Amino acid sequence: MADQDRRNTETFTLTNNATGEEFELPVLEGSVGPKVIDVRRLYAETGYFTYDPGFTSTGSCESNITYIDGDEGILLYRGYPIADLAEYSDYTEICYLLLYGDLPNNEQKEKFDFDITYHTMLHEQLIQFYRGFRRDSHPMAIMCGVVGALSAFYHDSLDISDPWHRMVASYRTIAKIPTIAAQAYKYSIGQPFIYPRNDLSYAENFLYMMFSTPAEPYEISPILARAMDRTLILHADHEQNASTSTVRLAGSSGANPFACIAAGIASLWGPAHGGANEAVLNMLQEIGDKKNIPEFIKKAKDKDDPFRLMGFGHRVYKNFDPRARVMQESCHEVLGELGVTNEPLLELAIELERIALEDEYFVERKLYPNVDFYSGIIFRAMGIPVSMFTVLFAVARTVGWIAQWNEMVEDPNQKIGRPRQLYLGETERPYVALDKRG
Ligand code: SDX
C-alpha cells in the first residue's frame, strides 16, 4: 500500500517548548493493531532522534505475515488463528501459507511438498563441515556454522534481486534445515548420518533422521510425528522478534539468505529468546521438587539475583501466550498417548505456573508462561535431548525467517537498517603522546 493509503486522518503535533516550534507527524494505520506515528522525517525536520532501546514502542517495518495481540493473547499467521492451524493444518502447509499468503489448494500443496521433499539432501561435500567440530560442540554452534556455509555451496541462488534465486534459496533452506539439524545431533553422539527419505512427511523425516540407525528398522510413532508437526507449526513465525529482526537487519545490507538465516540462528540461541526452552528444562530439573518452588520464586523476584523464571514473561504477550496453551494441552495428550502416567517435570511445571500466577509480582507485571515453558516437556517425551531443544526451535522458525526476509527484500520502502544513538562518551579531545600520559 502506498503511504497515502495507510495515512490516517489523525496526526500528532510535536511542540518544542524551548523554541515554540511545532512539527506535525502523520499517523499510519494497518489492517489491525496499534496505529503508528510516522517519524521517518523527524530527524530531517527537527534534528532530533527518537530513543527506544529494545524497540519497546517502535515498529521496524510493514508486514503482512504474522499478527500478535499481546493483551488478548492472539496470534494469527496470515490471518488464521494459531489454535486452528495447530489443530487442522500441517507444517508444510504452514510453510506455504507464510511464504505465499494463503492456504494452498490440493495441487499447490502436492507440488510444494514435492519441491521441498526433493531438496532435503545436503551437498555431500558439506557433510565434511561437521568433522571440524568437537564431538561435544553445542548443536546450535554447529547449526550456526553449517547453515552459514550453505552460501559457500549454493552460488546459483544468491542473487537476491532475482525472484527465482530467492525462491530456490527459500526452498533449499526450508528443506535442508531438518537434515542439517539431525546431522548435528548424530555428529554429537557419534552415530552415522541418516539420509532423508522421500516417502516421509517433513515431521516424520526429521524424527527418522534423528533417531533411526542403519543397524535396524526404525518405526515412526504417529503420535510423535503429530506432536513434532504441531510443535513446528507453533514455532514457525512470530512477527518481529529478536531473531527475525536480526535476519531482516542482516538482509537489509544485501547479505545472502543463508548468511541471514545463520545470523537468526545465532540470535535465537540466547536464553532470553529461543534458548529459553533448554533453560526451562534445566530450571525444572534444578528445582527438582514442588517443595523447592517458593525458594525459586523468591530468587526470580530478587533484583539482586540474575535468576529469572525461564519460560515466563514476554515482550508482547501480557496475557497467556496462545502457543503455551496449545503446548500444555499437547503435553497431556502426548504423555497420555505414550502411556507416561506421571511425568514429574510436568507436574512440577503445572504447580510452578499455578504458584507464580497467584503471586503479586508476576500478576502485576503480567508475566505468563510463554511458548518455551511447556515445549521442553514435550521435546523430552519425544526423546529429543535438551541440547537439541533450541535447534528444534530454529528448524521450525526457519520458514518464518525466510518469509520475513523475502518480504523485506520485496518491500519498495526497504533500505539498509542503520539505527542512531544517544552518545554519552568523550567529546573531541587532543591526542596525548605516550611519554606525556599519566
Ligand atoms: C521467546 O519476541 C518473541 O516473540 C519471542 C518468542 C518468539 O516466538 O520468537 O516468543 C520466543 O523468546 C519467548 C521468551 C523466552 N524467554 C524466556 O522465557 C526468558 C525469561 N523471560 C524474560 O527474560 C523476559 O520476560 C523476556 C526477555 C521474555 C521479556 O523481557 P522484556 O519484555 O524486556 O521485559 P523486562 O525484562 O523489562 O521485564 C519486565 C519486568 C522486569 O521487572 P521490573 O524491572 O519491572 O521490576 O518483569 C520482570 C523484569 O525483571 N521479569 C521477570 C521475568 N520476565 C520479566 N522476572 C522474573 N522472571 C521472569 N521470567
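**Figure 1. An open sheet of three strands, β1-β2-β3, in a predicted model.** The pairing in this sheet is antiparallel. Two of the strands sit at its edges: β1 (7-15) and β3 (36-37). Each of these edge strands pairs on one side only. Strand β2 covers residues 22-28. Two bridges join β2 to β3, and the two strands run antiparallel. Look for Leu28, which stands opposite Val36 in β3.

**Figure 2. A second open sheet, in the order β4-β5-β6.** Three strands make up this sheet, and their pairing is antiparallel. The edges are β4 (66-69) and β6 (80-81). Each edge strand has a single partner, so one side of each is left without a neighbour in the sheet. Strand β5 spans residues 74-77. Four bridges link β4 and β5 in the antiparallel sense. In one place to check, Ile68 has Leu75 of β5 as its bridge partner.

**Figure 3. Phe296 and Phe307, an edge-to-face pair.** The whole structure holds 17 aromatic pairs. In the pair formed by Phe296 and Phe307, the ring centres are 5.7 Å apart. How do the planes of Phe296 and Phe307 meet? They stand at 70 degrees, and planes over 60 degrees apart count as edge-to-face. The pair links distant parts of the chain, 11 residues apart. Phe296 belongs to helix α13 (residues 293-301). Phe307 belongs to the loop between α13 and α14 (322-337). Phe296 is buried, with a relative accessible area of 5%. Phe307 is buried too, at 15% relative accessibility.

**Figure 4. Phe373 and Tyr374 within an aromatic cluster.** Phe373 and Tyr374 form an edge-to-face pair. Their centres lie 4.9 Å apart, with 85 degrees between the planes. Phe373 is buried, at 0% relative accessible area. Tyr374 is buried as well, at 0% relative accessibility. Which residues form the cluster? Phe312, Tyr361, Phe362, Phe373 and Tyr374 do.

**Figure 5. Two arginines over aromatic rings.** Arg135 lies over the face of Tyr187. The distance to the ring centre of Tyr187 is 4.0 Å. Arg325 is placed over the ring of Phe320. Its charged end sits 4.3 Å from the centre of that ring.

**Figure 6. Helix α18 and its bend at Arg397.** Helix α18 runs through residues 389-410, 22 residues in total. At 1.5 Å a residue, the helix should span 32 Å. Its end C-alpha atoms are 32 Å apart, which agrees. Where does α18 bend? The bend is at Arg397, by about 40 degrees. Is α18 mostly covered or mostly exposed? It is mostly covered: 21 of its 22 residues are buried.

**Figure 7. Phe55 and Lys366, each with a positive phi.** Most residues other than glycine have a negative phi. Phe55 has a positive value, near 55 degrees. Phe55 sits in the loop between α2 (42-46) and β4. At 56% relative accessibility, Phe55 is exposed. Lys366 is not a glycine, but its phi is positive, at about 50 degrees. Find Lys366 in the loop between α16 (360-364) and α17 (371-381). Lys366 is partly exposed, at 42% relative accessible area.

**Figure 8. Arg248 and Glu407 meet in a salt bridge.** Side chains of opposite charge can pair when their charged atoms come close. The structure has 20 salt bridges. In the bridge between Arg248 and Glu407, the N to O distance is 2.7 Å. Arg248 lies in helix α10 (residues 242-252), and Glu407 lies in helix α18. The pair therefore ties together parts that are 159 residues apart in sequence. Arg248 is buried at 8% relative accessibility. Glu407 is buried at 14%.

Figure 9. Asp136 forms a salt bridge with Arg134. The closest N and O atoms of Asp136 and Arg134 are 2.5 Å apart. Arg323 forms a salt bridge with Asp321, with the closest N and O atoms 2.7 Å apart. Elsewhere, salt bridges that share partners join Asp90, Lys109 and Asp113 into one network.

Notes
Residues are numbered from 1 along each chain as its sequence is written. This is a predicted model: local features need pLDDT of at least 70, side-chain atom pairs count only at pLDDT 80 or more; totals for chains, interfaces and linings use all residues. Side-chain values use heavy atoms; hydrogens and water are left out. Two strands pair if DSSP finds at least two bridges between them. Rings of Phe, Tyr and Trp (its six-membered ring) pair if their centres lie within 6.5 Å; planes under 30 degrees apart count as stacked, over 60 as edge-to-face and the rest as tilted. Buried means under 20% relative accessible area, exposed over 50%, partly exposed in between (1.4 Å probe, protein chains only). A charge sits over a ring if NZ of Lys or CZ of Arg is within 6 Å of the ring centre and within 35 degrees of the ring normal. The expected span of a helix is 1.5 Å times one less than its number of residues. The bend at a residue is the angle between axes fitted to the seven residues ending there and the seven starting there. A salt bridge is a side-chain nitrogen of Lys or Arg within 4 Å of a carboxyl oxygen of Asp or Glu.
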